[in-house]
Amino acid sequence: MNEINKVKEKIEAAKKILLLGHINPDGDTVGAGLSLLLGLEKKYPEKKIRFILQDKVPENISFLEGCEKIERIEDSKDETYNLVIFVDSATIDRVGSAQELVKDAFKINIDHHISNSNYGDINIVKDISSTSELMYSILKALEIEVTLDMAGAIYLGIVNDTGNFAHSNVTENTFKVAANLMELGVNNNKIVNDFFKSKSFERMKVLGKALSEMIFVKEKKLMYFYLPYEYLKENGIERDDTEGIVEELINYSGSEASLFLRGEADGKIKGSLRSKHNIDVNKIAGIFSGGGHIKAAGFTSELSADEIVKKVVENL
Ligand SMILES: [Mn+2]
């Protein structure tokens, strides 16, 4: 990793460093950003370092030690930074309104999405399970000691993006990193319970709705479900409550791909795609200017749900 020396130089030269992750933060963006925040704070106590997200950290992630240090965009409008480090964000747009804090700062882009546009002045983009797994090796390379709080954050990030070590993105290195984190004292059972087995009532109900109303397109082995915004609003369903629906849709033995569509307040539709074996859903998300990974991708579209389904079916 040649870039790492440049990264180190930039960190050492900067007085004020801003870390940014994506909108609707998940365990990986929080895990990668939080572990880096805690590590940098410890190694460079004289520097001002902040980790800012547009949106709130979901309940089932906020048990992580140090999570209270993560700030929201509205607390921090007027600051300027020498260095901005993006984590788990395939494009600059993914950080949402936090973009306005970037200004002329030097940009480091740390990510694992194959669709990453290499928007940084330095890009460390690797095809690996999670940005958190990547962050572990970056912290090591920066000679930052990984402590238990950082280890917990990284572990959760890996669990998030690998579906608890079940997806095809898991490699030998993923297990090696996980083993190292457990050596540091990570309680895997507690993290997995706090993260997965802490769903809200609304979340369980909306999952039930999805499972009873999902539609299967037999010719293309596609299982899909559309949740209109009105339903979300009327039933007090938060965005986090629909997490995981797309993964449930692909559990059907007959499906090779799944699509979950959710209406947004602005009238657009957010789409999530999953693939079981060989279908490249990154490509399909690309039709709607989205992206992600071969087996998991997403997009936002102004088309109607019917039009989106039609296009997806045509391209499968
Ligand atoms: Mn990720």
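What spacing do the donors of the manganese ion follow along the chain?

Analyst: Happy to walk you through it! A word on the ground rules: this is a predicted model, where local features need pLDDT of at least 70 and side-chain atom pairs count only at pLDDT 80 or more, while totals for chains, interfaces and linings use all residues. Residues are numbered from 1 along each chain as its sequence is written, and side-chain values use heavy atoms, with hydrogens and water left out.

Along the chain, the donors of the manganese ion follow the spacing D-x59-D-x23-H-x48-D. The protein donors are Asp28 (OD), Asp88 (OD), His112 (NE2) and Asp161 (OD), at 2.2 to 2.3 Å from the ion. Donors here are N, O and S atoms within 2.8 Å of the metal (3.2 Å for Na, K and Ca); water is not among the atoms, so sites may look incomplete. Aspartate 88 sits in the loop between β4 (83-87) and β5 (106-111), and histidine 112 in the loop between β5 and β6 (122-125), so this pair ties together parts that are 24 residues apart in sequence. Helices (H or I, at least four residues) and strands (E, at least two) are DSSP runs, numbered from the N terminus. Aspartate 88 and histidine 112 are both buried, meaning under 20% relative accessible area, with exposed over 50% and partly exposed in between (1.4 Å probe, protein chains only).

Helix α2 (residues 27-43) packs against α4 at an angle of about 160°, and their axes are 7 Å apart. That makes α2 roughly antiparallel to α4. For reference, axes are lines fitted to C-alpha atoms, for helices over the stretch in contact, and angles run from 0 to 180 degrees between N-to-C directions; under 35 degrees counts as roughly parallel, over 145 as roughly antiparallel, 65 to 115 as roughly perpendicular and the rest as oblique.

Leaving aside neighbours within four places in sequence, isoleucine 11 is in contact with Ile17, Leu40, Tyr44, Lys47, Leu83, Ile85 and Leu142.

Methods: Contact means heavy atoms within 4.5 Å.
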